Amino acid sequence: MSKERDQYSDECIGRLIQEMPESTPPPWLASRVMANLEAKRPGVWERFRAWMTTPVSLMVSPARVAFASLLLVAALGVAGLMGTGMPGAGPGNADGLMPVSFVLKDPSMGFRSVSVIGSFNGWDARNNQMEYVPETGMWVFRTRLPAGDHEYVFLVDGEKVLQDPQSVLSRDDGFGNRNSVLLIKHESEQSL
C-alpha cells in the first residue's frame, strides 16, 4: 500500500493528468444529464404565491347562477327559521319562559321594602323581593314567566298593597281591590 502511495505522488499524478489526451464531450451529454436531473420543487410560499397570482378562468352559465342563487336563498331561509321562527328559539324562551321586569318608581326612596306578589308565585312575597336602584330611583325585580295573563300587585313595607301605576290593565280581585294584569305572549315580553 505504501509502495503504491509513493508511486502516485502529487507530482506523478499532476504529470499523468498533463499527459492525458484532451477530448471534447459528445454534444448529447449535457442534454442527457439535464434530462435525468429532477426538477427543483418550489417551496410552500412560492407555490402559494403562484396559486394566488395565477389567473383562473371560470365558465359560468345562467343556469348555474340561477341554481346557486336558489341554494343561497334556501340556506338563508333555513338559517332564518332556525334563528327566529322555530318554537323555543330566540332570546330567553328556550324553556318556554319569557323575561319580565317589574318596576316601581320611588325617587325619594320612601319605601323600606317592596315585593311582587301575584298569581305566578302563589301571592307569596318571600321569594320576590324587589331591589332598589338608587341611580334610577326605582324598585326592580326581574324574573321569567310563562306565556299567559298574570295578576299581580306590589306589597310595600310588608303591609300595604299597591297596584302597578304603569299597568293599563287591571282586574277585580273579588275583595273590592284591583290587581294589575300582565299579558305575556310567546314571542316577546309585553306589559299592558
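Student: Is F48 buried, exposed or partly exposed?

Tutor: This is a predicted model, so local features need pLDDT of at least 70, side-chain atom pairs count only at pLDDT 80 or more, and totals for chains, interfaces and linings use all residues. Residues are numbered from 1 along each chain as its sequence is written, and side-chain values use heavy atoms, without hydrogens or water. Buried means under 20% relative accessible area, exposed over 50%, and partly exposed in between (1.4 Å probe, protein chains only). F48 has 39% relative accessibility, so F48 is partly exposed.

Student: How are the rings of F48 and W51 arranged: stacked, edge-to-face or tilted?

Tutor: Rings of Phe, Tyr and Trp (its six-membered ring) pair if their centres lie within 6.5 Å; planes under 30 degrees apart count as stacked, over 60 as edge-to-face, the rest as tilted. Here the centres are 6.1 Å apart and the planes sit at 35 degrees, so the F48 and W51 pair is tilted.

Student: And which residue forms an aromatic pair with Y152?

Tutor: Y152 is buried, at 1% relative accessible area. The partner ring lies 5.9 Å away centre to centre, with 75 degrees between the planes, so the pair is edge-to-face.
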